[in-house]
Protein chains: 2
Amino acid sequence: MPVLVMKFGGTSVATLDRIKRAAKRVGREVANGYDVIVIVSAMSGETNKLVGFVGETSPMYDAREYDAVVSSGENVTAGLMALTLQEMDVPARSWQGWQVPLMTDGAHGAARIKEIPSENIMSKFGEGMKVAVVAGFQGISPEGRITTLGRGGSDTTAVAFAAAFDAERCDIYTDVDGVYTTDPRITAKAKKLEKISFEEMLELASLGAKVLQTRSVELAMRYKVKLRVLSSFEEYDPNAGTLICAEEDIVESKVVSGVAASREEAKMTLVSVADTPGIAAAIFGPLADAGINVDMIVQNISDEGETDMTFSCPVDQVKRATTALQEAKAAAKIGFSELLSDVEVAKVSIVGIGMRSQVGVAAKMFKVLSSEGINIKVIATSEIKISVLIDRKYMELAVQALHDAFELEKA
Amino acid sequence: MPVLVMKFGGTSVATLDRIKRAAKRVGREVANGYDVIVIVSAMSGETNKLVGFVGETSPMYDAREYDAVVSSGENVTAGLMALTLQEMDVPARSWQGWQVPLMTDGAHGAARIKEIPSENIMSKFGEGMKVAVVAGFQGISPEGRITTLGRGGSDTTAVAFAAAFDAERCDIYTDVDGVYTTDPRITAKAKKLEKISFEEMLELASLGAKVLQTRSVELAMRYKVKLRVLSSFEEYDPNAGTLICAEEDIVESKVVSGVAASREEAKMTLVSVADTPGIAAAIFGPLADAGINVDMIVQNISDEGETDMTFSCPVDQVKRATTALQEAKAAAKIGFSELLSDVEVAKVSIVGIGMRSQVGVAAKMFKVLSSEGINIKVIATSEIKISVLIDRKYMELAVQALHDAFELEKA
């Protein structure tokens, strides 16, 4: 029998009624002829409650105990889902991470999956079991202790199972009905995408379209797992949601697939930095040590051996970045005349694999923004993405203008 | 280092503050020179919540999934207790049942412990760990699935660990401060016992002094584990609580140690039963099949080949017992002229190992009751216990009179 992986997030299993609803979808796929592996999150709110307990008990907690505590919510849902399926006469049983065993490294709190042996579950499928319900987000370390995969780790669990079991598809049920051309709260013209490539999804995921954990998309791309994102709250429709797949599975790709926007950005500039070899390392080394997520970096044209260095980072890291840079200056590791920070910026990006073969996309983007009177502060590009930093107050306007200009409202 | 087992029940770990309080007691025993094994229950209310989820999902649930779900509460407390101890600079870590592994049979929901290998935890003690925090109530079946030991199973877990690790003592922390000569709600003269023998405790536990799970006392008796019951809500006192120990450790035993009372009793009588061999089996077989907990049994003197058979059972089982007996009569398996039930009775018992060597204890008990005008309906005796069934309205009076007559208020 072909294997299908179905993952249900916290809101999709928040109550016994919702678990029943999810179980009905699983039952339907069993009727369609699949052996199904269901990955479940904890009932929504449970993991946060447990994380709160741990933080209150021990601010600098032992990550091994954190994992032992916070992984328990998924065990509850897995058992309840198996029972619900059994009530529907669907042969099912639950597995906790250590029972599979889903083997990870020992990086507690953010463990990486090493191996998922499939024999155990496959042999149960062979005996007539139709659904294996697996607690998401958790695994077991080489030392035999419970690990967790980081927030959103159940997505990664699902994709890893799909790869290990050579599943036909991995369906991620969530509270949105797919991936959109842009945030529908910014423009009502936003359209659900039927398909999107892994590469594009990765750019969108890391840009704030928080539908899927980035790592799960990377994993899906590496193992060519067909991923589908769809809503557990809509009526059953075999073609629902958005399919995330390899580029070659998308017959006609548009130049631009989506417009992403992120409001939590800040721009920092070091004025009059000595333009000498190693200066970038001298600046960004201390920032990395301080845990700053530096995103875009721009170095100005050198003028009399001096230059300005501009970078962007999350707005809530500006204080820490400032401290790190001032300390590096005090220690005479770097020199600058001024440190400017602008916390009123936003990042807007257009993403599309069609860009690779099309010239003039960046020029068109800049022209659209300019005709709206929007000043571009920083530009960064990748093969399939162009990002700009602009004044935050223009963010919605920029998204709407770009969405129109690249005709994303057209199916 | 000597090993001490400390068990904290649900009310003792109901909040993070209470866990901290319990951890302080553990820290004190570490300072006293012990390697400590802590057995924890789930935060009070948690297990009931999970049991409710299972019951609502699947009334005739798969016990394996039930166990997977309801065991999760203990995992949370174990991790939080370990973190709390670490915060106090006490080296500690948590173990879930499968990690020990606490091996049980496959009787899900009421599994029995087969083996507790001690190497794993002992080697950690050898490396400087001072406290092993173990999730109570749970184990692992021969098939590698999670089992639970039945309600109150954490007491049994604690005693089993004490036996496996040859612990100096097993301290059961609960919300009462020990075992009393009788229920203090019935007479203010009730005195806390300093010591009581396993045998007496077993009789009291099965008689409604719900301080300890009966199985845990049986296990302690078999492996000669010194058990202490004490309150987690009182100030620390090395001699607090009640010690439950072997008879030979009690220097001077009183004739009667305690008076137990149970209000949830019913008396049933089958009138005019044919007095033939096998009649008792014919009556009590169907009752056993129907799950009736028959307690006391009395058969009257035979009169012209007929007799009356009287027995007691929990008051909430009278209906089921009646149905079972009427069906057996309809099937012509037994015959009786009338089936009487009296649901207004109570059982009062005196318990004491000193009875064995003392004559006239029963006579004294009957005389005390008679002088209070209390009619005895049924009598049952064991080596160290005498129980009577009386009208429920006299229960408190009987307890008070017996408590006075056997001078239990004296230390």
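Between them, chain B and chain A bury about 3000 Å², with 62% of this on carbon and sulfur atoms; buried area here is the accessible area (1.4 Å probe) that two parts lose on being put together, summed over both. On the chain B side, Thr57(B), Leu83(B) and Trp98(B) lose the most area to chain A, together 19% of what that side buries. This is a predicted model, in which local features need pLDDT of at least 70 and side-chain atom pairs count only at pLDDT 80 or more, while totals for chains, interfaces and linings use all residues. Residues are numbered from 1 along each chain as its sequence is written, chains are lettered from A and ligands numbered from 1 in the order in which they are written, and side-chain values use heavy atoms, with hydrogens and water left out.

In terms of contacts (heavy atoms within 4.5 Å), 36 residues of chain B touch 36 residues of chain A. Two salt bridges cross this interface; the term means a side-chain nitrogen of Lys or Arg within 4 Å of a carboxyl oxygen of Asp or Glu. Which elements of chain B supply at least two residues each to the side that touches chain A? They are α2 (46-57), α3 (63-70), α4 (72-87) and β3 (92-95), helices (H or I, at least four residues) and strands (E, at least two) being DSSP runs numbered from the N terminus. The most comes from α4(B), with ten residues.

Here are some of the salt bridges, with N to O distances.

| Lys or Arg | Asp or Glu | Distance |
|---|---|---|
| Lys49(B) | Glu46(A) | 3.8 Å |
| Lys124(A) | Glu127(A) | 3.8 Å |
| Lys130(B) | Asp35(B) | 2.9 Å |
| Arg392(B) | Glu344(B) | 4.0 Å |

Shared partners join Glu46(A), Lys49(A), Glu46(B) and Lys49(B) into one network of salt bridges.

Are Lys130(B) and Asp35(B) buried or exposed? Both are buried, that is, under 20% relative accessible area, with exposed over 50% and partly exposed in between (1.4 Å probe, protein chains only). Over in chain A, Lys124(A) counts as partly exposed because its relative accessibility is 27%, whereas Glu127(A), at 59%, counts as exposed.
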